[in-house]
Amino acid sequence: MSTTKTRPSNSSQTSTNLVAHAVSGGTSQKVRVTDEQAASLCNLVNAAKPATPELRAAAARARQFKFVAR
Amino acid sequence: MAEHLNRSKVTASTIVPLNKIHDRKSFDCGKPPLNDFLVNRALNSPLGSTYVLVSDPESSEIIAYLTLAPDIISILNNQSTKSLAGVIKLEYLAVDLKYKSTGIGTDLLIFIMREVAAYSNISSVRLLAIEPLDKEAERWFVGRNFGFEVVYIPDRCLAISIDTILNMDMSDEP
């Protein structure tokens, strides 16, 4: 896996990927990530995966908590 | 040494926003940074909102706490800006040592996943992300086998998509 944080500027196939990160405190930062890292993020967001058996089992037996927003 | 309780004897049932009536100083999860955050910063933290698990809404004893923060991530390139997703970050999840090994942490994680999934119906949230405090915490989250994956947004996180979370309560029946 590449650890390079920038892409070659003369490559039209590999445009620079950035992750813009806006934090709740009101400040923001932009951080370069590798194409591979950006792709894994896109895949995670866009590809629905089945829940694992462990997740299903835990969901089935989990306590029911009551949320009280007072 | 903390007395451990059986799962069936734990009466924790209510999650409320942290406020001044809660006994923050008595809480001990065994991780000083998490204890310190609760005592000194959680009430007014820009990191996010902190909620506590209590036995009933009037109880001051904190059984566990969690801190959630909204976030926004986008993938950008030279030609365009595409807003990718909203993210809810689970900044902290901590259970008092007295309640260790009762399953509360796992149950709280399921609760959080359901709440975040419900919130996604009225927002652009597409991911739940976690930045584990340390390797032990990361092993705990990964060890659930819930499907968390390593991503960089921009720091290294464990994340799971809302679509996957929604599938956890779906029946296998056609």
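This note comments on a predicted model of chains A and B, point by point.

1. Overall confidence. The model is a prediction, with an ipTM of 0.86 and a pTM of 0.84. The mean pLDDT of chain B is 87, and 86% of its residues reach 70 or more. For chain A the mean is 69, and 56% of the residues reach 70 or more.

2. Where pLDDT is low, the predicted coordinates should not be read in detail.

3. Confidence by element in chain B. The lowest mean in chain B belongs to S4(B), at 83, and the highest to H1(B), at 96.

4. Architecture of chain B. Chain B contains four helices and seven strands, which follow one another along the sequence as β-α-β-β-β-α-β-α-β-β-α. Of the contacts in chain B between residues at least 6 apart in sequence, 62% join residues at least 24 apart. Of its 174 residues, 41% are buried.

5. Nonpolar core. The largest nonpolar core comprises 65 residues, and B:Leu53, B:Tyr65, B:Leu128 and B:Ala159 have the most contacts inside it. H2(B) supplies the largest share of this core, with nine residues. Leaving aside residues up to four places away in sequence, B:Leu128 touches B:Ile88, B:Leu90, B:Met113, B:Val116, B:Ala159, B:Ile160 and B:Ile165.

6. Strand pairing within and between chains. Strand S1 of chain B (residues 14-17) runs parallel to strand S3 of chain A (residues 66-67), and two bridges join them. In this pairing, A:Phe67 has B:Ile15 as its bridge partner. S1(B) also pairs with strand S2 of chain B (residues 49-54), here in the antiparallel sense and over four bridges. The bridge partner of B:Pro17 in S2(B) is B:Tyr51.

7. Backbone at B:Ser101. This residue is not a glycine, yet its phi is positive, at about 65°. B:Ser101 sits in the loop of chain B between strand S4 (81-95) and helix H2 (104-120). B:Ser101 counts as exposed because it has 12 C-beta neighbours inside 10 Å, and the cut-off for exposure is 12 or fewer.

8. Backbone at B:Asn145. A positive phi, near 60°, also occurs at B:Asn145, a residue other than glycine. B:Asn145 is placed in the loop between helix H3 (135-143) and strand S6 (149-152) of chain B. With 13 C-beta neighbours inside 10 Å, B:Asn145 counts as partly exposed.

Conventions. Residues are numbered from 1 along each chain as its sequence is written. Chains are lettered from A and ligands numbered from 1 in the order in which they are written. This is a predicted model: local features need pLDDT of at least 70, side-chain atom pairs count only at pLDDT 80 or more; totals for chains, interfaces and linings use all residues. A residue is buried if 20 or more other C-beta atoms lie within 10 Å of its own, exposed if 12 or fewer, and partly exposed in between; C-beta atoms are placed from the backbone. Two residues are in contact if their C-beta atoms, placed from the backbone, lie within 7 Å. A nonpolar core is a set of buried Ala, Val, Leu, Ile, Met, Phe, Trp, Tyr and Cys residues joined through C-beta atoms within 7 Å. pLDDT is the predictor's confidence in each residue, from 0 to 100. Two strands pair if DSSP finds at least two bridges between them.
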